[in-house]
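Keep the sequence and the 3D view open while reading.

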Amino acid sequence: MGARGICVIVFFFLTLCRSTPLQGRGPQLVSRFSVVNDRPIIGIAAQETAKGNPHGETYIPATYVKYLQQAGARVVPVRAGEPDDYYTDLFSKLNGVLFPGGGVSLTESQYARTGRILYNLTLQAFDGSGEVFPLWGTCLGFELLNTITAGKNLLQKTDAENITLPLDFAPGFRHSRMMGQIPQDVLNYLTNEPVTQNEHQYGMLVDVFDKTTALRKFYRILSTNVGRKGKKFVSTFEAFRYPIYGVQWHPEKNAFNWNPHYVINHSEHAVRVAQHFANFLVGEARKSSHRFPSVEAETAALIDNFNPVFFTDGTFYQNYYFNFTQSAVQNMKAFGKFM
């Protein structure tokens with residue numbers, strides 16, 4: 001065989017290798033923008049505090065802020081109760097939003113309203129122009145995504161408070177975006193060690209999910225778990241089409257929550273797991289080309305302008321507190337408390 005024939009064979013082989021997907025590599029959402037955004041800014045949704053809280057009317061736990069910052073993102077608080085155009089404007093500047101855990105209503109709270117608005121904006125942006133704007137829900141945020149997609153609250157009791165578990169991966173999980181390129185060591189920890197902290201009374205039971213067409217067609221189940229009373233619930237999912245992700249467990253707690261009353265795995269392996277998922281979310285945010293109009297506007301929006309409250313009661317909590325703005329108060333009075 002001549003040199004020309006050898007070159008043709010080598011070229012064909014290299015082309016085949018490039019076109020064959022790697023085993024376990026999940027489908028990727030590719031932004032229509034070719035430039036990677038290495039200055040990602042992610043919003044965190046604020047939620048209402050209990051009535052009469054002396055620190056403020058809404059709050060964001062500092063654990064989520066630190067969780068995103070460790071992976072190279074900055075954070076902007078997404079205030080509650082604001083007019084619709086506030087969220088539309090902020091959506092055009094942020095590169096993703098995280099809905100944190102907590103304890104407010106999934107249907108009648110300003111946290112829920114924030115979620116519905118940003119969820120719809122995310123779908124519209126992706127359907128309209130292919131823009132990748134990731135939404136991530138943790139615990140209550142995961143439950144909120146279920147409720148928005150289903151159009152109603154279908155959660156049931158799971159008895160999974162203060163329990164740390166390995167994940168029970170669903171068939172085909174390696175074909176997902178979130179788990180398709182997961183490093184082997186992280187996969188081993190998630191499969192064999194109790195590294196995911198659960199802190200929820202309610203959850204999405206697998207049999208309810210399977211019977212709900214809106215959920216089944218929208219989300220791919222990546223993992224499940226079983227509560228103390230044997231109820232099997234969805235613990236991790238991602239949307240088939242859209243950059244929407246949810247975990248019923250708390251990856252941010254492994255490295256940043258030191259409340260001694262919780263069973264949280266702080267081992268090196270558990271922290272490695274947490275860092276992986278923070279890196280994944282921030283990596284998705286880097287696909288977003290949204291920008292603030294100036295460095296000054298960017299600076300003014302950051303959560304760094306606020307000081308967290310540190311609780312010296314032995315819980316080691318840190319929360320950022322925000323009162324409703326005048327525009328939020330006027331909006332809630334004009335259009336109804338939960339709109």
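Phe316 sits in the loop between strand S13 (309-310) and strand S14 (318-322). This is a predicted model. Phe316 is not a glycine, yet its phi is positive, about 60 degrees. Most residues other than glycine have a negative phi. Phe316 has a relative accessible area of 46%, so it counts as partly exposed.

Asp159 also has a positive phi, near 50 degrees, and is a residue other than glycine. Asp159 belongs to strand S7 (residues 156-165). Its relative accessible area is 28%, which makes Asp159 partly exposed.

**Helix pairs**

Two packed helices are described by the angle between their axes and the distance between the axes. The table gives both values for two pairs.

| Helix pair | Angle | Axis distance | Handedness of crossing |
|---|---|---|---|
| H3 (residues 84-91) and H4 (residues 110-129) | about 45 degrees | 10 Å | right-handed |
| H7 (residues 184-192) and H11 (residues 268-285) | about 120 degrees | 9 Å | left-handed |

Take H3 and H4. By class, the contact of H3 with H4 has six nonpolar, three polar and two charged residues.

Now H7 and H11. From H7 come Asp185, Val186, Tyr189 and Leu190. They meet His269, Arg272, Val273, His276 and Phe277 of H11. Five residues of this contact of H7 with H11 are nonpolar, two are polar and two are charged.

Is His276 buried or exposed? Its relative accessibility is 12%, and the cut-off for buried is under 20%, so His276 counts as buried. His276 is in contact with Met178, Ile182, Pro183 and Val186, leaving aside neighbours within four places in sequence. Val186 is also one of the H7 residues that meet H11.

**H13 and its two faces**

Which residues of helix H13 (residues 326-335) are buried? They are Ala328, Asn331 and Met332. These residues cover an arc of only 95 degrees around the axis, so they lie on the same side of H13. The buried residues of H13 pack against H4. The face of H13 turned away from the buried side carries Gln326, Lys333 and Ala334, which are exposed.

**Phe233 in S11**

Phe233 lies in strand S11 (residues 232-239). Its relative accessible area is 0%, so Phe233 is buried. What does Phe233 touch, not counting residues up to four places away in sequence? Its contacts are Thr158, Ala160, Asn198, His200, Met204, Leu205, Val206, Thr224, Asn225, Val226, Gly227 and Gln248. Tyr202 is 31 residues from Phe233 along the chain, and their C-alpha atoms are separated by 9.2 Å.

How values were computed:
Residues numbered from 1 in each chain as written. Predicted model: local features only at pLDDT ≥ 70, side-chain atom pairs only at ≥ 80, totals over all residues. Heavy atoms only, no water. Helix = DSSP H or I, 4+ residues; strand = E, 2+ residues; numbered from the N terminus. Buried < 20%, exposed > 50% of the residue type's maximum accessible area, 1.4 Å probe, protein only. Axes fitted to C-alpha atoms, helices over the stretch in contact; angles between N-to-C directions. Left-handed = near helix turned anticlockwise from the far one by under 90°. Nonpolar A, V, L, I, M, F, W, Y, C, P; charged D, E, K, R; others polar. Arc of directions from axis to C-beta. Contact = heavy atoms within 4.5 Å.
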